[in-house]
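Please look over the sequence and the model below before reading on. The paragraphs after them go through the structure step by step.

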Amino acid sequence: MVQSINLKALTTLASVVRRPYLAAPHVFVPTVSEINYQALRDQCGIKAVMFDKDNTLTAPYENTLHPRAQAGLQSAIDIFGQKNVAILSNSAGTDDDPGFVDGAEIEEALGIAVIKHSEKKPGGLGEVMAHFPNVEEPSELCMVGDRLLTDIVFGNLHGMLTVHVLPLCTGEENSKDNKVAKVVRAAENKFMYADWWGGRKTRSYTLGHKVWKGEEECPLILVEKKEEIGNVGEL
């Protein structure tokens, strides 16, 4: 599938330049399998979880769940229920997916819905809210993805709880990744996480969440996995 230009991301870029903390996630973990979904539901007021697809749940442009994401997706489904877990992709389910062909294949393969939306992240809030009838406000949603300027900015713009993950694939396994996305993702991560004053200052202004009061008070990273988080500024 060929992705069209993401006009919403381009128009939002000016806001991010003025307020770079919009791209700072509440939580960072290596993969979706290091998230404490029980705490998300029971202590953070979250009613539904959305995942990006490529390099978050699957290899780029593949419709098979990546082994490193299996435990996390299953945990989310077990805790929130299948109807409250969905994929929000900037390829499948958008106008780049005519006839919802790719979206239907992904739903069949992964067992969760792909949200249809005409405006790409960081747009599309209306279609997201319509997809989850039990969600009353965006703060009850958790957005999980590997892209700071789309997934995390989208969530932060609307008051969601945001979780950033590393891309699942590297090297040959990542050969199908969109070349522009690969370059931009690396630049995003270096800006946000490299050991320099700009990244540290940006992270210090991370937006608060309506319910979640921080990792110290309500841990969302599985304890035994914390030691696996390396220096992502080098990616």
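Trp197 counts as exposed, because its relative accessibility is 60% and the cut-off for exposed is over 50%. This residue lies in helix 8. Together with Phe191 and Trp196, Trp197 makes a nonpolar surface patch of about 340 Å². The model shown here is a predicted one.

From this one residue we can turn to the chain as a whole. The protein chain has eight helices and six strands. Along the sequence they follow the pattern α-β-α-β-α-β-α-β-α-β-α-β-α-α. Of the 235 residues in the protein chain, 53% are buried. The chain exposes about 10,800 Å², and carbon and sulfur atoms supply 55% of that area. If we take the contacts between residues at least 6 apart in sequence, 73% of them join residues at least 24 apart.

In general, the strands of a sheet pair through backbone hydrogen bonds, and the pairing can be parallel or antiparallel.

On one side, strand 2 pairs with strand 5 (residues 141-145) in the parallel sense, over four bridges. Within this pairing, Val49 has Cys142 as its bridge partner in strand 5. Strand 2 is also joined to strand 3 (residues 85-87), by three bridges, and these two strands run parallel as well. Here Met50 stands opposite Ala86 of strand 3. The path between the two strands includes a helix: strand 2, helix 3 (residues 70-80) and strand 3 make a right-handed β-α-β unit.

The next topic is charged side chains. The model has twelve salt bridges. One of them is between the side chains of Asp52 and Lys121, with a distance of 3.0 Å from N to O. This pair links distant parts of the chain: Asp52 is in the loop between strand 2 and helix 3, Lys121 is in the loop between strand 4 and helix 5 (125-131), and the two are 69 residues apart. Are these two residues buried or exposed? Asp52 counts as buried because its relative accessibility is 8%, and Lys121 counts as buried because its value is 1%; the cut-off for buried is under 20%. Asp52 and Lys121 also belong to a network of salt bridges together with Asp151.

Lys53 and Asp54 form another salt bridge, with their side chains meeting at 2.6 Å, N to O. Lys53 is buried, with a relative accessible area of 2%. Asp54 counts as buried too, at 12% relative accessibility.

A further salt bridge joins the side chains of Lys176 and Glu62, at 2.4 Å from N to O. Lys176 counts as partly exposed, at 47% relative accessibility. Glu62 is partly exposed as well, with a relative accessible area of 29%.

Leu222 and Ala39 are 183 residues apart in sequence, and their C-alpha atoms are 10.0 Å apart in space. Leu222 is partly exposed, because its relative accessible area is 23% and so falls between the cut-offs of 20% and 50%.

Notes: Residues are numbered from 1 along each chain as its sequence is written. This is a predicted model: local features need pLDDT of at least 70, side-chain atom pairs count only at pLDDT 80 or more; totals for chains, interfaces and linings use all residues. Side-chain values use heavy atoms; hydrogens and water are left out. Two strands pair if DSSP finds at least two bridges between them. A crossover is right-handed if, with the strands pointing away from the viewer, the path from the first strand over the helix to the second runs clockwise. Buried means under 20% relative accessible area, exposed over 50%, partly exposed in between (1.4 Å probe, protein chains only). Patches are made of residues with over 30% relative accessible area and no salt bridge: like charges are joined within 9 Å, nonpolar side chains (Val, Leu, Ile, Met, Phe, Trp, Tyr) within 5 Å. Accessible areas come from the Shrake-Rupley method with a 1.4 Å probe; for residues, only the protein chains shown count as cover. A salt bridge is a side-chain nitrogen of Lys or Arg within 4 Å of a carboxyl oxygen of Asp or Glu. Contact means heavy atoms within 4.5 Å.
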